[in-house]
Amino acid sequence: MSLRIRCPHCGPRSVEEWVHGEIPVVPDAIADPDARDVDRGYMHTNEHGVVREAWFHLSGCRRWVTLWRDSRTDEWVEPPG
Ligand SMILES: [Zn+2]
């Protein structure tokens, strides 16, 4: 069974309908705007644990959804309180 994502607009849908990416957090120590763009585009943290991700429902409503996923188990989790 493939991973399913609950879209708030379309309901539960197969992961194949989506594209996603890590939401980048650029360190404050990087002040140069060009260096910040490079960090944002290429320096992925690939966290091991609970991560915040942006998912785009490409084959559905074409809207962005922010989700929290445990990268160790591929299970959706509630946002940290
Ligand atoms: Zn949708």
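**A walk through a predicted chain of six strands and one helix**

Asp-74 lies in the loop between β5 and β6, where strands (E, at least two residues) and helices (H or I, at least four residues) are DSSP runs numbered from the N terminus. The model is a predicted one, in which local features need pLDDT of at least 70 and side-chain atom pairs count only at pLDDT 80 or more, while totals for chains, interfaces and linings use all residues. Residue numbers start from 1 along each chain as its sequence is written.

The protein chain contains 1 helix and 6 strands. Read from the N terminus, these elements follow the order β-β-β-α-β-β-β. Taken along the principal axes, the C-alpha atoms fill a box of roughly 40 × 25 × 25 Å. Of the 81 residues, 2% count as buried. A residue is called buried if 20 or more other C-beta atoms lie within 10 Å of its own, exposed if 12 or fewer do, and partly exposed in between, with C-beta atoms placed from the backbone.

Confidence is given as pLDDT, the predictor's own score for each residue, from 0 to 100. The chain averages 89, and 99% of the residues score at least 70. Where pLDDT is low, the predicted coordinates should not be read in detail.

Strand β1 covers residues 4-7 and strand β2 residues 11-14, and the two pair in the antiparallel sense over 4 bridges. Strands count as paired if DSSP finds at least two bridges between them. β1 and β2 form a hairpin, with 3 residues between them. Within this pair, Cys-7 has Gly-11 of β2 as its bridge partner.

Next comes the sheet. Four strands make up an open sheet in the order β3-β4-β5-β6, with antiparallel pairing. β3 (19-22) and β6 (75-77) stand at its edges with a single partner strand each, so one side of each is left without a neighbour in the sheet. From one strand to the next, the twist averages 45°; the axes behind such angles are lines fitted to C-alpha atoms, for helices over the stretch in contact, and the angles run from 0 to 180 degrees between N-to-C directions.

Inside the sheet, β4 (residues 50-56) and β5 (residues 64-70) pair in the antiparallel sense over 7 bridges. Two of the residues in this pairing can be followed across to β5: Val-51 has Arg-69 as its bridge partner, and Glu-53 has Leu-67. In a regular strand the side chains alternate between the two faces of the sheet.

Trp-64 is a residue of β5. Is Trp-64 buried or exposed? Trp-64 is exposed, because 10 other C-beta atoms lie within 10 Å. Not counting residues up to four places away in sequence, Trp-64 touches Ala-54 and Phe-56; a contact requires the C-beta atoms of two residues, placed from the backbone, to lie within 7 Å. Trp-64 and Val-77 are 13 residues apart in sequence, and their C-alpha atoms are 18 Å apart in space.

The loop between β4 and β5 holds Leu-58 and Arg-62. Leu-58 is exposed, with 12 other C-beta atoms within 10 Å. Which residues does Leu-58 contact, leaving aside its neighbours within four places in sequence? They are Glu-17, Trp-18 and Val-19. Gly-41 is 17 residues away from Leu-58 in sequence and 21 Å away in space, C-alpha to C-alpha. Arg-62 is exposed as well, with 9 other C-beta atoms within 10 Å. Arg-62 has a positive phi of about 60° although it is not a glycine.

The last pairing is that of β5 and β6, which run antiparallel and are joined by 3 bridges. Across this pairing, Trp-68 stands opposite Val-77 in β6. The hairpin of β5 and β6 has 4 residues between the strands, and in it Asp-74 takes a positive phi near 60°. Asp-74 is a residue other than glycine. Asp-74 is exposed, because 9 other C-beta atoms lie within 10 Å.

For the chain as a whole, consider contacts between residues at least 6 apart in sequence: 44% of them join residues at least 24 apart.
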